Amino acid sequence: MAGRINDEDVKAVRDAVPIDAVVSEYLQLRNAGGGNLKGLCPFHDEKSPSFQVSPSKGFFHCFGCQEGGDTITFVMKIDHLTFSEAVERLAGQAGITLRYEEGGYNPTHQRGERIRLVEAHKIAAEWYAEQLATGPEAETGRAFLAERGFDQAAAQHFGVGYSPQGWDHLTRFLRGKGFSDKELLLSGLSQEGRRGPIDRFRGRLMWPIRDIGGDVVGFGARKLYEADNGPKYLNTPETAIYKKSQMLYGIDLAKKDIAKASRAVVVEGYTDVMACHLAGVTTAIATCGTAFGGDHIKILRRLLMDNGSARVIFTFDGDAAGQKAALRAFEDDQKFAAETYIAIAPDGMDPCDLRLAKGDDAVADLAEPRTPLFEFALRQIVSRYDLDTPAGRASALDEAAPVVARIKNSGAQHEVAVQLAGMLGILDTQFVVKRVAQLARWARDRGGKGPAPDQRQRGTAPQQQAAPARAAAPGPALNLRNPVFATERELLKLALQRPDLVSPAFDAYGVDEFTAPPYAAVREAILEAGGAEFGVQDPQDYLVRVREAAPDDAVRATVTELAVEAIMLHRGVKDVDDVYAGAQLVTVRRRAVHRRIRDLQSALVRQYGDAAQEAATQNELMILQRYDRALQEQGPGAL
């Protein structure tokens, strides 16, 4: 058991290390008046700072969760240390030698486990760095760094090292420093071999991973040799001091500038952090072998203070993996009060490659916020759909609207909903705004769980209303007697019963001019049978051929039904004539033209800024509008 630390030494530690200096290593503090400082509590989630520090008294207190105490208490709670471990850590920072009252001080056996593991990592980091700087074998590692634009000074600044290829070089070195095999295995620096502990990292470039307080708690190791069968990057396993979901590489170097600038730049790799810092972007950090998540957000929120001007910029590769990582980051976007952005370098380069290709200024420019993360996420969703069709726009809206509905700020939610309408090319922006607001209400009613599954698909985009059945498969839910389909039904009855009244114009109608899938299938069968023109030439065999051309029994049944159903005539009219047939032909054609006009108007919204595409679309739009006026004024004569 460890001896009891001398009371005078404990007091000396309290007096020597100011509480505000310790707390500010973990969160941003601002003036609270009366000589006190305030910040976001690190012990519970909060939006407004209720955590206060009194430098003159040496105490902290949170008015939200009631946590409080002195400097030693803070270190115990924030880093999960025992009293002795916290005092020992603070003493080390202050350069105070502690006295133990029961049998004196034995650094090997009496110090806490965490302190021992941190010390082992500190010694290992220094040893790795020495190997890189002077070891002949490490030439491969030095060449790797040089090829990526990092000289010896850069390696020293970030503490980069090299692990020799032998089985137990570091293990033997740490044993010589008094560490037991158990401690080496617990630290993750060694692993079990056939004859005892061996080095976990061998023949790799080593990046020390430090916690927010600056202690080395793990390593990221990059493969250098083809003969190495391990993964490209190998990280320290989960240990008592290393939890990868809570680690941000570079946070020890970046924390002060993050707090000062209210900005953090999240990159993907260790060399990207190095490239950014050397290019002047000193707020760059990276995750350590895991996706950016909730624990990382908690760390940044304490530094950013969640003020209105805070920015978090994510830089991801332009490839599919990078886009997937960006979408994962967006899932946690609403946990920030800060505004979040995404930056993708030209040609999908990462910051390290960009610095090599275009210099420091290009890296600094990349870190400037441009595309909001929500916009990127929505564009990724929208890009999966065919926005030239009403069905595609409706489906994209169904997937994207719940994402916008998650935005908690109502003003921002409204603004993003308007932008979503523009992305989709939906002209009725209020429809999208109301749809998003409706989903947000459902989510609130269900305790934030999102809209009920059976409610998400109820919304229909206005552009789809002219052709509601185009995206649906034929089935019992489709009411073919719906007035929306009445004119299409009448025209098909005419084509089957009185082809002489609609030929040859009918044969020029496309299948897509019939919006109900069963009607489109009948139109296709008529085409396969030779068209209405064949019905004029051989009326006896015509219906038989159309039925034979039908792809299945359901379509054949619809052909029969349309062939025998009475044509709807106005009261007082005894027989169908050219005028009635012409009216059906014109109405079906005009509705198809109107749908295409809406599609083009939607495309113009999405093409804003692309002069060539806009010109081509405007030209087609003008032709269609002229054609529509001719149909209105001339009737069947314009067909």
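A residue counts as buried when its relative accessible area is under 20%, as exposed when it is over 50%, and as partly exposed in between (1.4 Å probe, protein chains only). The structure is a predicted model, in which local features need pLDDT of at least 70 and side-chain atom pairs count only at pLDDT 80 or more, while totals for chains, interfaces and linings use all residues. Residues are numbered from 1 along each chain as its sequence is written, and side-chain values use heavy atoms, with hydrogens and water left out.

Of the 639 residues of the chain, 49% are buried. Contact is defined as heavy atoms within 4.5 Å. Among contacts between residues at least 6 apart in sequence, 65% join residues at least 24 apart. The chain holds 27 helices and 17 strands, taken as DSSP runs (helices H or I, at least four residues; strands E, at least two) and numbered from the N terminus.

Helix α18 covers residues 410-424, and its 15 residues should span 21 Å at 1.5 Å a residue, which agrees with the 21 Å between its end C-alpha atoms. The expected span is 1.5 Å times one less than the number of residues. In α18 the buried residues are Gln 413, Val 416, Ala 417, Leu 420, Ala 421, Met 423 and Leu 424. They cover an arc of only 155 degrees around the axis, which puts them on the same side of α18; the arc is that of the directions from the helix axis to the C-beta atoms. Gly 425, with a positive phi near 80 degrees, follows α18.

An open antiparallel sheet is formed by 5 strands in the order β1-β2-β3-β4-β5, where two strands pair if DSSP finds at least two bridges between them. β1 and β5 (68-70) are the edge strands, each with a single partner, so one side of each has no neighbour in the sheet. The twist averages 25 degrees from one strand to the next. Helix α3 (residues 71-79) packs on this sheet, touching β3, β4 (59-62) and β5, and its direction makes about 120 degrees with that of β5. Axes are lines fitted to C-alpha atoms, for helices over the stretch in contact, and angles run from 0 to 180 degrees between N-to-C directions.

Strands β1 (residues 30-33) and β2 pair in the antiparallel sense over 3 bridges, with Gly 33 opposite Asn 36 in β2. The two strands form a hairpin with 2 residues between them, and Gly 34 in the turn has a positive phi of about 65 degrees. β2 is also joined to β3 (residues 51-54) by 3 bridges, again antiparallel. Leu 37 has Val 53 in β3 as its bridge partner, and Lys 38 stands opposite Gln 52. Leu 37 and Gly 39 make up the covered face of β2 (residues 36-39), Asn 36 and Lys 38 the uncovered one.

A further open sheet, of mixed pairing, has 6 strands in the order β12-β14-β13-β15-β16-β17. β12 (248-249) and β17 (371-372) stand at its edges with a single partner strand each, so one side of each lacks a neighbour. β12 pairs with β14 (residues 284-287) in the antiparallel sense over 2 bridges, and Leu 248 stands opposite Thr 287 in β14. Helix α10 (residues 251-261) lies across β12, β13 (263-267) and β14, at about 125 degrees to β14. Helix α11 (residues 270-278) also lies across β12, β13 and β14, at about 175 degrees to β14.
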